[in-house]
Amino acid sequence: MCTKTKIINKFKSTIEKNNLIEKNDTIIVGASGGPDSQFLIYLLNEVKDYYKINIVLAHLNHLHRLDANEDEKLVIKTGEKLGFKTFIDHKSMDDYAKKEKISAENAGRILRYDFFRSIKNKYKNAKIAVAHNKDDQAETVLMRIIRGSGLDGLRAMDYKNKDIIRPIMDFTKSEILEFLDENKVSYHIDYTNLETDYTRNK
């Protein structure tokens, strides 16, 4: 069992070790409604007074799934509950993929980060926080090796990359789900993560 205090201390340790957050930062959270992003939002809420940060939620509805509106509703509800300003937008990743002749997965990523940065530009000292965890890190290494990136693949994702920060990369999926369940935090599961259309899922 992981206690809330232990999780928060581990979170703060990751932030400080990697210099992810400075006092008076505005943190734009990529909020999907999934377990990882809900975990990140609730942990940031726990340390917001300690770091004196402003937290903003950003959700892009990709119009890709029938239940996508449920994710959007959960993000709005979470923002209301915690008192965070929430930005919502709608853009079809499938339409963009066809237009640019790229994969839907890549289209979604491009649209998301363009949206996050459009919000970031509204604030001073702003950073974009995304919810990649330790399991995602392992998957990324494997994917890059499979794709022939050799030793570079072992580098994987950084905790910080310019304006992007990844504060929960020291947490496993099991730790995340245990915390959410113990603290009765709602989240949605994206069923496309269980399909094998995308390389990462395979």
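## Close-up views of the predicted model

**View 1. Pairing of strands β1 and β4.** In this predicted model, Val29 has Ala129 of strand β4 as its bridge partner. The two strands concerned, β1 (residues 26-30) and β4 (residues 126-129), run parallel and are joined by 4 bridges. Helix α5 (residues 104-120) packs on the sheet, where it touches β1, β2, β3, β4 and β6 (164-165), and its direction makes about 145° with that of β2. Strands of a sheet pair through backbone hydrogen bonds, in either the parallel or the antiparallel sense.

**View 2. The whole sheet and its place in the fold.** The open sheet is formed by 6 strands in the order β3-β2-β1-β4-β6-β5, and its pairing is mixed. Its edge strands are β3 and β5 (160-161), each of which pairs on one side only. The secondary structure of the protein comes to 7 helices and 6 strands, and along the sequence these elements follow the pattern α-β-α-β-α-β-α-α-β-α-β-β-α. Of the contacts in the protein with a separation of 6 or more, 75% are accounted for by residues 24 or more positions apart, and 46% of the 202 residues count as buried.

**View 3. The β-α-β unit built from β2, α3 and β3.** Strand β2 (residues 54-61) and strand β3 (residues 85-90) pair in the parallel sense over 6 bridges, and within this pairing Leu60 has Asp89 of β3 as its bridge partner. Together with helix α3 (residues 68-82), β2 and β3 make a right-handed β-α-β unit.

**View 4. Helix α2 against the sheet.** Helix α2 (residues 35-51) lies across β1, β2 and β4, and runs at about 160° to β1.

**View 5. The Tyr50 and Tyr51 pair, one of the aromatic pairs of the model.** A search of the whole structure finds 5 aromatic pairs. In the pair shown here, the ring centres of Tyr50 and Tyr51 are 4.8 Å apart and the ring planes stand at 90°, so the arrangement is edge-to-face. Tyr50 has a relative accessibility of 45% and therefore counts as partly exposed, whereas Tyr51, at 5% relative accessibility, counts as buried. The charged end of Lys12 sits over the ring of Tyr50, at 3.8 Å from its centre.

View 6. Phe115 and Phe116 form a tilted aromatic pair, with 6.2 Å from centre to centre and 45° between the planes. Phe115 counts as buried at 8% relative accessibility, and Phe116 is buried with a relative accessible area of 4%. Phe115 is found in helix α5 and, when residues up to four places away in sequence are not counted, touches Ala58, His59, Leu60, Phe87, Ile88 and Asp89.

**View 7. The aromatic cluster of Phe39, Phe171 and Phe179.** Phe39, Phe171 and Phe179 form one aromatic cluster. Lys10 lies over the face of Phe171, at 4.8 Å from the ring centre.

How values were computed: Residues are numbered from 1 along each chain as its sequence is written. This is a predicted model: local features need pLDDT of at least 70, side-chain atom pairs count only at pLDDT 80 or more; totals for chains, interfaces and linings use all residues. Side-chain values use heavy atoms; hydrogens and water are left out. Two strands pair if DSSP finds at least two bridges between them. A crossover is right-handed if, with the strands pointing away from the viewer, the path from the first strand over the helix to the second runs clockwise. Contact means heavy atoms within 4.5 Å. Axes are lines fitted to C-alpha atoms, for helices over the stretch in contact, and angles run from 0 to 180 degrees between N-to-C directions. Rings of Phe, Tyr and Trp (its six-membered ring) pair if their centres lie within 6.5 Å; planes under 30 degrees apart count as stacked, over 60 as edge-to-face and the rest as tilted. Buried means under 20% relative accessible area, exposed over 50%, partly exposed in between (1.4 Å probe, protein chains only). A charge sits over a ring if NZ of Lys or CZ of Arg is within 6 Å of the ring centre and within 35 degrees of the ring normal.
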